[in-house]
Amino acid sequence: MLINRAFFRDYWQKKPLVLRNAVNLPETHPGKEALFSLAGDENIESRLVLEHGERPWEVHFGPFTSAELEALPNSGWTILFQDMDKHLPEVGSLLEQFRGMPRWRIDDIMISYAVDKGSVGPHTDEYDVFLIQASGKRLWRIDTDPEADRSLVANLDMKILQHFEAEQELLLEPGDMLYLPPGIAHHGVALDTGMTWSIGMRAPSAADLFQAFGEWLAEERGEGPRYTDPPLTARNESALLDAPAITRFCNLAAGELAFDGPFAEFLGHFLSRYRLAHEPAPPEEALDESTLRTALRDGAVLRQNPWTRMLWIRINTQAAVFAAGKRYACSEETAAALCDPQRLAHVSEGLRDRAIVCDLLNDGHLYLEREP
Ligand code: SIN
Ligand code: CO
C-alpha cells in the first residue's frame, strides 16, 4: 500500500518523498487527443500556461479550440485540467491506491499535459500534493529551506517565486511519484511531451471555518445561545471589557465548538460541500425501497456520483452520513459502507437502512449501475 503507517509517521506534512515505480496507472487513460478535446469542453476547468507568451508566465482559461491548441509552439507550455477524477472514472480509480488517506482530505486529480520545457514555474502550494508521472519525463527541483525568501515576482498572472535555488533534483518517469508537503518550493519542467497527475489535498483555514460556521449557526440554529452577563457589580471603569466578560464570551464560543455540540454536525455539512464544483442532480425517476431491493438482488451495483462528497461522523452512539452538505442519519455499519466506494459496490439487498439508500439515490448522491 502506498499510504501506510510509515508514510504518515515519517513524511506526511513533514518532508518530501519520492517513490519509484510506485503507482499503477490505469490501463486506459487519456492521451493527447482526448485531452485536447476535453480542453474544448466548457464544463471542464482548464488553463494554459505559456512561459514565454506576449508576457512572461501568461495564463489563458479554457475552453480552447483545437485550432488554438494546434497553433501552439513545440515547447514551453502546459495545459492543466482540474477535477479529472470526476470527469473521467478511469482517472478517479487511481484514488483506490490512496485508500489509507482520509478521503475527505482529497480535493481532486489535476492532469497537467506539458510539452518539452513546459512548466508552471517555481512556486509553493498551500496544500499537500502527490505528483504522479503518467507519461514522459519531468525534472523536479525542490527546496525545503524554511528560511528561504519566498517573495513573488510582481505583476504576473501566476504566483512565481522571485528567488529559487534547488536543493534537490529528482527525475520522474512514468509510475514514479513525488509527495510534497505544503510550503515546499518546487519547479517541475517537462523533458519531453508528457503528463503529470497531481492529487491535491484540501485544508480549510480558520477564517474559512469560522465564516461558514457563523452562517450555518444563523441558518440552522436560530443563531445559537446569546451572551449573558456574569454577576455584575457597579464599576468605575465602565468602558472596560473586563476579564470575566471575555471569559463568558470564550465559554459561549467553546460551548458551540464542543465535540458533541453543533460544531461536529457543522463540519460534516461544511466538509462534504467544501470546494464542490457541481451539485449532484436527482435522477429523472425516483426509486422506492422495493425497486432498490429487486435491483440489488438482480446484480445492480451501487456507485457514488463522482460529483458528490460523502463522509460520515460518529458522535457517541449516533452515526450520520453527510453528502454534499445534507445529513442522513443511519447505523454505523450503513454509514461506513455507503461512504467507501469499494464497500459500496458490495452492498446487497440485505442492507439495513434501505430507506436512507433510497434517499441518497433520489437526491443524486448514489446511482445504480445495472448489468449491461
Ligand atoms: C504541474 O503538474 O505542472 C504542476 C503541479 C504543481 O506544481 O503542483
Ligand atoms: Co505545485
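**View 1. Asp 125 meets ligand 1.** A polar side-chain atom of Asp 125 lies 3.2 Å from an oxygen atom of ligand 1 in this predicted model. This is a polar contact, a pair of N or O atoms within 3.5 Å. Ser 112 also places a polar side-chain atom 3.0 Å from a ligand 1 oxygen. For the side chain of His 186, an N or O atom is 3.2 Å from an oxygen of ligand 1. The protein covers 95% of the 260 Å² of accessible area that ligand 1 has on its own (Shrake-Rupley method, 1.4 Å probe).

**View 2. The shell around ligand 1.** Residues with a heavy atom within 4 Å count as near; among those surrounding ligand 1 are Met 110, Val 120, Leu 131, Arg 138 and Trp 140. Strand 5 and strand 7 (138–143) each give two or more residues to this shell (strands are DSSP runs of E, at least two residues, numbered from the N terminus).

**View 3. The cobalt site.** His 123 (NE2), Asp 125 (OD) and His 186 (NE2) coordinate the cobalt ion (ligand 2) at 2.0 to 2.1 Å. Donors are N, O and S atoms within 2.8 Å of the metal (3.2 Å for Na, K and Ca); water is not among the atoms, so sites may look incomplete. Along the chain, the donor spacing is H-x1-D-x60-H. His 123 lies in the loop between strand 5 (106–114) and strand 6 (129–135), and His 186 in strand 10 (residues 185–190), so the pair ties together parts 63 residues apart in sequence. Both His 123 and His 186 are buried (under 20% relative accessible area, 1.4 Å probe, protein chains only).

**Notes.** Residues are numbered from 1 along each chain as its sequence is written, and chains are lettered from A and ligands numbered from 1 in the order written. Local features need pLDDT of at least 70, side-chain atom pairs count only at pLDDT 80 or more, and totals for chains, interfaces and linings use all residues; side-chain values use heavy atoms, without hydrogens and water.

Methods. Helices (H or I, at least four residues) and strands (E, at least two) are DSSP runs, numbered from the N terminus. Buried means under 20% relative accessible area, exposed over 50%, partly exposed in between (1.4 Å probe, protein chains only). A polar contact is a pair of N or O atoms within 3.5 Å; within protein, one must be able to donate a hydrogen and the other to accept it, and residues adjacent in sequence count only if both atoms are side-chain atoms.
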